[in-house]
Amino acid sequence: MLVGIYHAIGSILSGGSPNGGWDPNVPWDVPWDPDLGVPAVYVSVGEGVGVYVPVPEDQDCEKQLSPYEVDFVKQHYDDSVSLGSLANIPDTWVLGWAAEESDYGGHSKTAAIRRNPNNYFSWHGAGDAKCPPGANHSLGCFSSFYSAGAITLFSTFDNFHYGDLTAHVQTAFILADQFGNGALPAQAFSALEQAGYNSDSNYGNKVSDHIDVVASIEKCLKSKGELK
Amino acid sequence: MRLRAILLAFLGLMAINGYGQKTAPSLSGGIIRFIAKSGQEKEIQVGKACGDLWVSPDETVIAFISIEKGSPPKPPYDLDNPFIEESAIYVAKRSEDFRPVRVALEPVIIDGRRSLVFRQPSLSPDLKILYFSVPYTMTSWKLMSASLQNGHVKSISDADDYCVIWGGTDSGDLLAVARTNEYDPTLRGYYPGYPYFLMTNSGAKTRLENKEDLPFDQFVDQWSRHRGGACSLSDFGKH
């Protein structure tokens, strides 16, 4: 079923509105039609005229998203908020970055995390957990998403070059510096790449794309009350 | 193929002496031990802790690193034990009772960053080429080679784990795990994967199917069974 402007147009034509009196101050993102009792968004259709557009069941925001992506956000949102707060960067940066590096927690079989447990950031340094047989030798293994994020953000065991700094520079410092200076995600993660995190010249754009995805998932889940 | 298998089995038996004692050099606690010609167990002395021991499939030659400069772990975030800041590579032959010979290597500069960290050394079957890795980013290492004849060093490819094939149809080539951009059609995006490759010394890569989703060490064993030869991985991370 396509999105249709049906119920509310009828209400407007009859001089009413879904709220029983159209209020131009009703915000755009009201997620619920109080008359129909279904998910809906408020859409302006002209100057001073607006309607509720019911969201059909198959267009529920969560149902438009990959279950892998949604589950990933649900599982790691709280840790990303904590890590983002510690590192002075948005939680979506942590979550989108991990989504990129782990392919949403190992969705594909060549993702590093499939061999090295909880290595959500492809960190080529020691983790806080013993690796199982068959793990990639150059990557660490971790006890949790949080520990992988904390070590990746705050370890100084690296050879990063950032500004005048050479070696022993935390990724958290680089990203927070970028964020504090107003960098967009693509710029910030490009700076991280150039510092020595990896060698993919398009890395900033890739991580930025995943940050957009997790941000939209967060927005959807928050609108449904599933995330705080 | 059958002859090669018999030969490899024979070489394996040769590695066990008459007393059932394994004679291949081994690494533990930063020390490499071996059974000398005299029959006594000895340690290789280079004045520093050792790591990344590689033993050739026929056990006639080894390569390893010494940790020239390292930082101790500083929990909770800096956990490498130690974090290697400088290392050196040594080669030793059984015919010389594993007398270690240091390979002269200059600092490597990749993407403008200088590194004196050399990891995972190994040798080509003709012993003319030294392979090693440089941890040049935090998500990928660079596989390099150095000619032991003229000292020429070159970059081959990104590779996180690798081994040189000795014998069989691909003798002298390398099996490697390398970070690659992968497309995930179900998630409509690119992500970094770590698939397996057959590589030549020039860096030409052929991606290998891993139908059984095997870890690299098991994949290497399976490859050797099907294609002949042997491919020894470094005894890694026990420094």
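Tutor: In this predicted model, 46% of the 228 residues of chain A count as buried. Of the contacts in chain A with a separation of 6 or more, 45% are made by residues 24 or more positions apart. Chain A holds seven helices and five strands, and from the N terminus its elements follow the order α-β-β-β-α-α-α-β-β-α-α-α.

The part to examine closely lies in chain B. The largest nonpolar core comprises 105 residues, and Ile62(B), Phe64(B), Leu175(B) and Ala176(B) are those with the most contacts inside it. For Ile62(B), once neighbours within four places in sequence are set aside, the contacts are Pro25(B), Leu53(B), Trp54(B), Val55(B), Ser56(B), Ala92(B) and Phe98(B).

Strand 15 of chain B covers residues 174-177 and pairs with strand 18 of chain B, residues 196-199, in the antiparallel sense over four bridges. Within strand 18 of chain B, Phe197(B) is the bridge partner of Ala176(B).

Strand 18 of chain B also pairs with strand 19 of chain B, residues 205-208, again antiparallel and over four bridges. Here Tyr196(B) is placed opposite Leu208(B) of strand 19 of chain B. Strands 18 and 19 of chain B form a hairpin with five residues between the strands, and in this hairpin Gly203(B) adopts a positive phi near 100°. As a general point, side chains in a regular strand alternate between the two faces of the sheet.

Conventions: Residues are numbered from 1 along each chain as its sequence is written. Chains are lettered from A and ligands numbered from 1 in the order in which they are written. This is a predicted model: local features need pLDDT of at least 70, side-chain atom pairs count only at pLDDT 80 or more; totals for chains, interfaces and linings use all residues. A nonpolar core is a set of buried Ala, Val, Leu, Ile, Met, Phe, Trp, Tyr and Cys residues joined through C-beta atoms within 7 Å. A residue is buried if 20 or more other C-beta atoms lie within 10 Å of its own, exposed if 12 or fewer, and partly exposed in between; C-beta atoms are placed from the backbone. Two residues are in contact if their C-beta atoms, placed from the backbone, lie within 7 Å. Two strands pair if DSSP finds at least two bridges between them. Helices (H or I, at least four residues) and strands (E, at least two) are DSSP runs, numbered from the N terminus.
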